[in-house]
Amino acid sequence: MKNLNLFSSILLKLVVFILLASGCKKTEETVQETIVKETGTVNLSISNTVDGIPVEMNQLIYTNTAGNLYSVGLLKYYLSNFVLVKQDGSKEVFNQYELIDAELSGSGEILLADIKNGTYKSIIFNIGVDSLRNHKGDQTGDLSPQNGMIWTWNTGYIFLKHEGSYVNSSSENNNLMIHYGTDVAFTTVEVAIDDLVIEGNSKKLKLAFDLNKLYSSPNQVDFNDDDNMQSNGNSDLLWISRVRDNFNDSFIFKGIE
Amino acid sequence: MGKLIICFLLIGSTFLACKKEDVNTDKVLLETQPTPYTLFIPDGLPVMVFPNNNPLTIEGIALGKKLFYDPILSGDNSISCGSCHKQNFAFADSSLQYSIGINNLVGTRNAMPLFNLGYQGKFFWDGGAATLESQVIAPIENPLEMHENLTNAVNELNAIDEYKLLFKNAFNIEVIEIAYVMRAIAQFERTMISGNSKYDKYQRGEEGIEMSDQELKGMQLYVDMEKGDCNHCHVLGSTFSDFVFRSTGLDSIPVDKGRGLITLNTFDDGKFKTPSLRNIELTAPYMHDGRFVTLEEVMDHYNTNFHYTTNLDPNLANSQKGRMNEQEMQDIIAFLKTLTDYEFINNENFKNN
């Protein structure tokens, strides 16, 4: 009986040891993660501005370099397939499609997860939706046709929509409609950033999208020439290419937190 | 002894604790899936390929049919897809040149018939819709047609318990999104197969099916490059079209740019999708703008009345004007009428019930 008692006492200790040492596998992983984290996250934060000041909706207070006084009643656009570029040129790719809506706070907050540790020096992303996804309407989430960002008579996403009003050259208040899209409008921008150091942590990367840059840098856009830009005629190809070339300057690095 | 029992209990409970999680995981994977549906394709039509993200299911097809006939998808809940795509006209719109939308607004092109859609890559006369699924939302949104906001349509569906259940059964979703409306209707439309006309049955050697001398003569003239020369574009048999965009010289200067509006390429101005000639007897009036009321007018166009426009299809450009006489054109029309599929227009599976 004494022997049995001794045996069971050893066995109990052994079981407790095994339980402590191994436990369920899930617990083990959690323990390991807190010790060494090989990846971090970036909260990409995109603000919408005009001349550096956050956009106020429905205010006829903005003036572009062409001298047009205009307002922003609606501003929505697609950004997709984000790439963070390391100092050594290696890349982290995120296959995401994000719809930014200037009217909704929080729509410019984009989570880029599982980023390998390292120092990043630029961010690359696309304006619009790539041709693989652009001609397919039965999609959900940010690409859902319910967002009102798709042409149904000619399947394709509206990459950027700016609607509002402006004062034309005859001093009349006119409607402004800019619906930018089609495959030729698809473009990529690269924004240089301060050293973004990821060491298993979370960083906030702040960018601004500036509407007046979109209408001026380097190509000036005058709403008097066309205030209903719909991307659906041969004559639209010119303004599409002019605006397309302005996107790179329109995204401005604002800091890392 | 008591300690020993505690030991075994501890060991046992450790295993149980870990195992329990596994059981739960299995449960999540065992969700009910919709029932796959195998579409019957009659001899004479090609194999149909389905999109990976939208295979046919019994639940999806039934839901698509219900949506096809439900006016809930229009702005004032007054018309459905079925209002302008009627089964007894092979799902074209009766004899109207242009269909009438809500608020009595009139469309700009003739409503196309619906059958054998799974063989086609692009939709509408100008091919503007890139997939059958993508096509669905255009008439819903078009102010001249059903004029409904997509979010409104989806909100209305989400407010109906029956629809929530039908969408869950078909797609395993809790909240209805427009993407699944598009997929359901596309599934139903892919089942609309027409391949049981007199011509098909004759080709298959079915018992008691005869073609008259005039119909056979018409078939000969249909393929004869010196006469009908229909075969170049409306390939004999199978889908009776290659679905390529062509200008058939309807106007010396195209009034409607057609395909050119989509590609923005002047080379495509005045081009429209070559339609199938199946059920052509039922789908008057003809051409993208429904300008011809009878098949005789269509034959006259291809025989003598076409214009030598910039983008005129080369096969037509090289055809001799006046190459057919009245009798020959009547023979071709007699043959075209053998392409009417009465089983299709009476098929209970496509009826609104």
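## Basis of the description

Because the model is predicted, local features need pLDDT of at least 70 and side-chain atom pairs count only at pLDDT 80 or more, whereas totals for chains, interfaces and linings use all residues. Residues are numbered from 1 along each chain as its sequence is written, chains are lettered from A and ligands numbered from 1 in the order in which they are written, and side-chain values use heavy atoms, with hydrogens and water left out.

Two strands are taken to pair if DSSP finds at least two bridges between them. Strand 11 (residues 173-181) of chain A pairs with strand 10 of chain A in the antiparallel sense over nine bridges, with Val167(A) opposite Asn173(A); the two strands form a hairpin with five residues between them, and Ser171(A) in its turn has a positive phi of about 60°. Strand 9 (residues 150-151) of chain A is also antiparallel to strand 10 of chain A, through two bridges, and a hairpin of four residues joins these two strands; the bridge partner of Ile150(A) is Tyr157(A).

Strand 5 of chain A runs antiparallel to strand 10 of chain A and is joined to it by four bridges, with Tyr77(A) opposite Leu160(A). Strand 4 (residues 69-70) of chain A pairs with strand 10 of chain A over two bridges, again antiparallel, and Leu69(A) stands opposite Val167(A).

## Nonpolar cores

A nonpolar core is a set of buried Ala, Val, Leu, Ile, Met, Phe, Trp, Tyr and Cys residues joined through side-chain atoms within 4.5 Å. The largest has 83 residues, and those with the most contacts inside it are Ile123(A), Phe251(A) and Phe167(B). Apart from it lies another core of 25 residues, including Leu45(B), Ala90(B), Phe91(B) and Ile193(B).

Neighbours within four places in sequence aside, the residues in contact with Phe251(A) include Ile46(A), Tyr77(A), Phe125(A), Val191(A) and Phe209(A), where contact means heavy atoms within 4.5 Å.

## Aromatic pairs

Rings of Phe, Tyr and Trp (its six-membered ring) pair if their centres lie within 6.5 Å; planes under 30 degrees apart count as stacked, over 60 as edge-to-face and the rest as tilted. Over all chains the count comes to 31 aromatic pairs. One of them is the tilted pair of Phe82(A) and Phe125(A), with 5.8 Å centre to centre and 45° between the planes. Phe82(A) lies in strand 5 (residues 74-86) of chain A and Phe125(A) in strand 8 (residues 118-127) of chain A, so the pair ties together parts that are 43 residues apart in sequence. Phe82(A) and Phe125(A) are both buried, and ring pairs link them into a cluster that includes Tyr77(A), Phe159(A), Trp239(A) and Phe251(A).

## Helix 10 of chain B

In helix 10 (residues 213-223) of chain B, the residues Glu215(B), Gly218(B), Met219(B), Leu221(B) and Tyr222(B) are buried. Seen down the helix axis, the buried residues fall within an arc of 165°, so they line one face of the helix; the arc is that of the directions from the helix axis to the C-beta atoms. These buried residues pack against helix 9 (198-203) and helix 14 (326-336) of chain B, while the face turned away from the buried side carries the exposed residues Asp213(B) and Gln220(B).

Key. Buried < 20%, exposed > 50% of the residue type's maximum accessible area, 1.4 Å probe, protein only.
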